[in-house]
Every structure is written in structure tokens, then in C-alpha cells.
Amino acid sequence: VQIQNPGQDWVTVGYFAYEVPDGSRIDLPRYPQPLQANAVRYIGDRLYVAGYGNVDNLTSARFEIFNVSIPQVPIRISSLPLLHDSKPTGLEIVDDLAVVGLADGTLSLISIFDETLPVVAEEVPLGGSITGMDADGRRVVVSSTNTSQPLTLIDLETEPLSIQPITTVGI
């Protein structure tokens, strides 16, 4: 707990501890109706959700960020409607970027540098339907139903983005 007197710096005056048992349920506002959570990432006290449903008479995919430091009282930090009417099929958080895969084969890259105001930074059409994703550092591997390019490697370090088909997989 911190306080600030006018014209002075913030001062820590105490600590608040709140523990809940593992496996506790988090009831998010608007979920499961009118939205359905299709992909979720839980990092620290943040819950990132890629959902789909009807909000304000608009059916669309949405990306939302929640503060779940107190799981019984989740606080929506932001909500961003995505530009496609397609269900999310994957979500990865890479530094200050959320990568959302959509069933229509689009990969939405969302800047979350300012969590209160996420912004779609880029959209990458991959074709087919995105079926899975996995991040390793600043690289994301995407699987899809695109028969000519079922696996794609996206390097988030490069400008413009390096999008390479993966033709051989070694195990």
C-alpha cells in the first residue's frame, strides 16, 4: 500500500497479501455470455483473453486484458475489437506484443505496450485456418490448414516481419 502527500513522492506504508487456493475459478465479466474465451494466457497478475461473441450488437473477435491480482474481483484493463469476424484459435504474449491467431487464417499483432490502450499493429494473412501457435523468444510458429504452407515461422525481430514457410521438421 502506498500513499502520496501533495507535492511529495509515493511512500510505501504497508503490504497487502491475498492468497487463493490453486485451481480457483475466475469469473470474468461478459464471459461466457455474450463472449466466449477462445484463447487465454495467464502471466503474473494479468489474464489475456482472445474471445468471440456479440457485444454492443457487433459480433466479432475481441482481445481483452484483465488484472486478476485478486481473482475474485477481476478488473478489465482494456478491450479491443479485432478487425475480423472470425474466432480466435490461438494467443501468445511476446514482450509487449499479443499475437492472436484467427480461424480465417489471419494473424493479428497487437501492441500492448500501453495495456490500457492496445492497438492492432499489423495483420498478417496466412491463408487456411490457424490451428495452433507457439512462441519461442521473439519467434512464433503457426500451424494452419493451408496445404501449401501448413507451418509458418514468423520472426518478430525483423522489420518488415520475416514470414517463412517451414518445409522440413527435424525431431
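**Salt bridges and strands in a predicted model**

Me: How many salt bridges does the structure hold?
Reply: The structure holds eight salt bridges. A salt bridge here is a side-chain nitrogen of Lys or Arg within 4 Å of a carboxyl oxygen of Asp or Glu.

Me: What sort of model is this, and how are residues numbered?
Reply: This is a predicted model, where local features need pLDDT of at least 70, side-chain atom pairs count only at pLDDT 80 or more, and totals for chains, interfaces and linings use all residues. Residues are numbered from 1 along each chain as its sequence is written, and side-chain values use heavy atoms, with hydrogens and water left out.

Me: OK, back to the bridges. Which residues are linked in a network?
Reply: Arg30, Arg62, Glu64 and Arg76 are linked in a network of salt bridges. Within it, glutamate 64 pairs with arginine 62, and the closest N and O atoms are 3.9 Å apart.

Me: Are glutamate 64 and arginine 62 buried or exposed?
Reply: Both glutamate 64 and arginine 62 are buried. Buried means under 20% relative accessible area, exposed means over 50%, and partly exposed is in between (1.4 Å probe, protein chains only).

Me: And arginine 30, where does it lie?
Reply: Arginine 30 lies in the loop between β2 (10-12) and β3 (35-43). Arginine 30 counts as partly exposed because its relative accessibility is 27%. Its phi is near 75°, a positive value in a residue other than glycine.

Me: Which other residue has a positive phi, near 55°?
Reply: Aspartate 95, a residue other than glycine, has phi near 55°. Aspartate 95 sits in the loop between β7 (88-94) and β8 (97-102).

Me: Why does aspartate 95 count as exposed?
Reply: Because the relative accessibility of aspartate 95 is 59%.

Me: Which residue meets arginine 138 in a salt bridge?
Reply: Glutamate 157 does, with an N to O distance of 3.1 Å between the side chains. This pair links distant parts of the chain: glutamate 157 is in the loop between β13 and β14, arginine 138 is in the loop between β11 (130-136) and β12 (139-144), and they are 19 residues apart.

Me: How accessible are glutamate 157 and arginine 138?
Reply: Glutamate 157 counts as exposed at 54% relative accessibility, whereas arginine 138 counts as partly exposed at 22%.

Me: What about aspartate 45, which residue does its side chain meet?
Reply: The side chain of aspartate 45 meets that of arginine 46 in a salt bridge, at 3.2 Å from N to O. Aspartate 45 is partly exposed, with a relative accessible area of 34%, while arginine 46 is buried at 18%.

Me: Change of topic: what does the secondary structure come to?
Reply: The protein has zero helices and 14 strands. Helices (H or I, at least four residues) and strands (E, at least two) are DSSP runs, numbered from the N terminus.

Me: What does the C-alpha trace span?
Reply: About 60 × 35 × 35 Å along its principal axes. Of the 171 residues, 37% count as buried.

Me: Which residues make the nonpolar surface patch?
Reply: Val1, Ile3, Val11 and Val13 make a patch of about 350 Å². Patches are made of residues with over 30% relative accessible area and no salt bridge: like charges are joined within 9 Å, nonpolar side chains (Val, Leu, Ile, Met, Phe, Trp, Tyr) within 5 Å.

Me: Where does isoleucine 3 lie?
Reply: In strand β1 (residues 2-4). At 43% relative accessibility, isoleucine 3 counts as partly exposed.

Me: Glutamine 4 is in strand β1 too. What is it in contact with?
Reply: Leaving aside neighbours within four places in sequence, glutamine 4 is in contact with Asp9 and Trp10. Contact means heavy atoms within 4.5 Å. The C-alpha atoms of glutamine 4 and leucine 35 are separated by 39 Å, and these residues are 31 residues apart along the chain.

Me: Last one: which peptide bond is cis?
Reply: The bond from glutamate 159 to proline 160, with omega near 0°. Proline 160 lies in the loop between β13 (151-155) and β14 (162-165).

How values were computed: Accessible areas come from the Shrake-Rupley method with a 1.4 Å probe; for residues, only the protein chains shown count as cover.
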